[in-house]
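The sequence and the model come first, and the description follows.

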Amino acid sequence: MNQPNPYQDGGDYQWGPAEPPGAPGYGHGFAPAPLAPLGGPGVPLLAVGDIVVLQDSIVTPNGTLPLKGAVWNVTDLSRTEEKIPTTGVVLAVVFAVFCLLGLLFLLMKERRTTGYIQVGVSSGGRHHTTLIPATGPDTLYWVMDRVNHARSLSA
């Protein structure tokens, strides 16, 4: 960074690679990519874990299942724990010596959700189950919304 800018006086500097003579400018002369039709047989409508729902089938690692008549199951295997963090206990002990307001630090709560949401689908004599990690208490509602959408497509 010790050297002065050679293009400081507004010389003929152009950012990017040079274009060949006679070529159109960048972004011109190319046909836009065709858009995929909505709801085609290969277009994913939704995905839950490793289960992908297409217009007429369900794709799983175990194979392809028919969408019509599929039975969906959801099991909540998660739990939310609530505890007082260590810092709250330490602050309560330290400030309880000075004044009784230190006991308010015992009202601090820490919530932690662990576990999985299990989603299973059965159709055409085959079954597949997947586990979705629960990152918070609202993960179950997100999964149930996706599965209810899949159930409406299966009807």
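## Salt bridges

In this predicted model, a search of the whole structure finds 2 salt bridges. One of them joins glutamate 81 to arginine 79, where the closest N and O atoms are 2.8 Å apart. Glutamate 81 counts as partly exposed because its relative accessibility is 34%, and arginine 79 counts as exposed because its relative accessibility is 52%.

Glutamate 82 forms a salt bridge with arginine 111, and here the closest N and O atoms are 2.8 Å apart. This pair links distant parts of the chain, since glutamate 82 belongs to strand E5 (residues 71-83) and arginine 111 to strand E6, 29 residues apart. Glutamate 82 is partly exposed at 44% relative accessibility, whereas arginine 111 is exposed at 64%. Side chains of opposite charge can pair when their charged atoms come close.

| Salt bridge | Closest N and O atoms |
|---|---|
| Glutamate 81 and arginine 79 | 2.8 Å |
| Glutamate 82 and arginine 111 | 2.8 Å |

## The chain as a whole

The chain has 2 helices and 7 strands. Read from the N terminus on, its elements follow the order β-β-β-β-β-α-β-β-α. Of the 155 residues in the chain, 21% are buried. Among contacts with a separation of 6 or more, 53% are between residues 24 or more positions apart.

## The nonpolar core

The largest nonpolar core has 16 residues, and those that touch the most other members are Ile51, Val53, Ile58, Trp72, Val119, Val121 and Val143. Two or more residues of this core come from each of strand E1 (46-48), strand E2 (51-53), strand E6 (110-123) and helix H2 (139-154). In soluble globular proteins, nonpolar side chains tend to be buried together.

Which residues does valine 143 touch, not counting those up to four places away in sequence? With that limit, valine 143 is in contact with Val74, Ile117, Val119 and Ile132.

## Serine 154

Serine 154 is part of helix H2. This serine counts as buried because its relative accessible area is 4%, under the 20% limit for that class. The side chain of serine 154 makes a polar contact with the side chain of tryptophan 72 at 3.0 Å, and the side chain of serine 154 also reaches the backbone oxygen of alanine 150 at 2.9 Å. When residues up to four places away in sequence are not counted, serine 154 touches Leu67, Lys68, Gly69, Ala70 and Trp72. Trp72 is also one of the core residues that touch the most other members.

## A nonpolar patch on the surface

Nonpolar residues are found on the surface as well: Ile84, Val89, Val93, Leu100, Leu103 and Leu106 form a patch there. Together, these residues have about 530 Å² of accessible area.

In the chain, leucine 100 is placed in the loop between helix H1 (86-98) and E6.

Conventions
Residues are numbered from 1 along each chain as its sequence is written. This is a predicted model: local features need pLDDT of at least 70, side-chain atom pairs count only at pLDDT 80 or more; totals for chains, interfaces and linings use all residues. Side-chain values use heavy atoms; hydrogens and water are left out. A nonpolar core is a set of buried Ala, Val, Leu, Ile, Met, Phe, Trp, Tyr and Cys residues joined through side-chain atoms within 4.5 Å. Buried means under 20% relative accessible area, exposed over 50%, partly exposed in between (1.4 Å probe, protein chains only). Helices (H or I, at least four residues) and strands (E, at least two) are DSSP runs, numbered from the N terminus. Contact means heavy atoms within 4.5 Å. A polar contact is a pair of N or O atoms within 3.5 Å; within protein, one must be able to donate a hydrogen and the other to accept it, and residues adjacent in sequence count only if both atoms are side-chain atoms. Patches are made of residues with over 30% relative accessible area and no salt bridge: like charges are joined within 9 Å, nonpolar side chains (Val, Leu, Ile, Met, Phe, Trp, Tyr) within 5 Å. Accessible areas come from the Shrake-Rupley method with a 1.4 Å probe; for residues, only the protein chains shown count as cover. A salt bridge is a side-chain nitrogen of Lys or Arg within 4 Å of a carboxyl oxygen of Asp or Glu.
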